[in-house]
Structures are given as structure tokens and as C-alpha cells.
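Me: I have a structure open here and would like to talk it through with you. Shall we take it one question at a time?

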Amino acid sequence: MKIEDKLFLDRFRVEEESHLKITDADKCKQCEDQPCLNLCPANVYRLEDGCIMVNYEGCLECGSCRIACPKLNIDWNYPRGGFGISHKFG
Ligand code: SF4
Ligand code: SF4
């Protein structure tokens, strides 16, 4: 099964406020490799007009971006109870 097919099985209950926030946008501009753009399996981080945008709605809550950000620049929290991802099969 392809990753896209597996992701299709996930369901999301989206909170109004993002559970992921960039702490300091200027630090992102000084971040050489910007690993968040490539490591997120859900493509939550995107570059728009030179700024990192966070499309938190599709976050899989894997925690990879929190660990990989070299500048510790992501304020990472789980969504409130009842929100976020739910897996259809386990
Ligand atoms: S890895 Fe961290 S510092 Fe670098 S662009 Fe992404 S959020 Fe910004
Ligand atoms: S926790 Fe995982 S899925 Fe969510 S934004 Fe970070 S890398 Fe992407």
C-alpha cells in the first residue's frame, strides 16, 4: 500500500488554533537547510514568499519536526483532547 493510500485512512478533527507554531520567523530565514520542508511526511511545512507556512491541519503528530529543527524554533504541542488525528485501523 502506498503512503498516500495509508494517509487517506486517517481522519482529522481540526482545532481552530494551530498546535504547531514557529517561534521566530527570522530564525527560519537564517536556517540553512530548512529540514522541516523535507522531513514532514504530511508536508505540513511549506515555503511561501520566503516564509515558512505551517499547514497544521494535516499533522500526523509524529514529532519529527520538533526533533529535527536545528534552531529549536517550533513550539510543538499535541492538539487538545478530542482534536487532531485519529487512525481508522489501529
Ligand atoms: S527547521 Fe526550524 S528553523 Fe529551520 S526553517 Fe524549519 S522551523 Fe525554521
Ligand atoms: S509532527 Fe510530524 S506530521 Fe506533524 S508537522 Fe511535525 S513532522 Fe509533520
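Predicted model: local features only at pLDDT ≥ 70, side-chain atom pairs only at ≥ 80, totals over all residues.

Me: Is Ser-18 buried or exposed?
Reply: The cut-off for buried is under 20% relative accessible area. Ser-18 has a relative accessible area of 17%, so this residue is buried.

Me: Is Glu-17 buried or exposed?
Reply: Glu-17 also has its place in the loop between E1 and E2. Exposed means over 50% relative accessible area. With Glu-17 at 54% relative accessibility, the residue therefore counts as exposed.

Me: With which side chain does the side chain of Glu-17 make a polar contact?
Reply: Look for a contact between two side chains at 3.1 Å. One of them belongs to Glu-17, and the other is the side chain of Lys-21.

Me: How far apart in space are Glu-17 and Tyr-45, C-alpha to C-alpha?
Reply: In sequence, Glu-17 and Tyr-45 are 28 residues apart. In space, their C-alpha to C-alpha separation is 16 Å.

Me: Where does ligand 1 sit?
Reply: The model has three cavities of 30 Å³ or more. The largest cavity holds about 130 Å³ of space. Of the 17 residues lining the largest cavity, Cys-28, Cys-31, Cys-36, Cys-69 and Pro-70 are the closest to its centre. As for ligand 1, its place is in the largest cavity.

Me: How many charged residues does the shell around ligand 1 have?
Reply: The residues around ligand 1 include Ile-22, Gln-34, Ile-52 and Asn-73. By class, this shell has nine nonpolar and two polar residues. The number of charged residues in the shell around ligand 1 is none: there are no charged residues.

Me: Which residues are the closest to ligand 2?
Reply: Ligand 2 is surrounded by 13 residues. By class, its shell has 10 nonpolar, two polar and one charged.

Note on methods. Residues numbered from 1 in each chain as written. Chains lettered and ligands numbered in written order. Heavy atoms only, no water. Near = heavy atom within 4 Å. 1 Å grid on protein atoms, 1.4 Å probe; cavity = no way out; pocket = protein on both sides within 12 Å on 5 of 7 lines; lining within 4 Å. Sits in = over half its atoms within 2 Å of the grid points. Nonpolar A, V, L, I, M, F, W, Y, C, P; charged D, E, K, R; others polar. Points joined across faces, edges and corners; volume = space filled by probe spheres on them. Buried < 20%, exposed > 50% of the residue type's maximum accessible area, 1.4 Å probe, protein only. Helix = DSSP H or I, 4+ residues; strand = E, 2+ residues; numbered from the N terminus. Polar contact = N/O pair within 3.5 Å; in protein donor to acceptor, adjacent residues only side chain to side chain.
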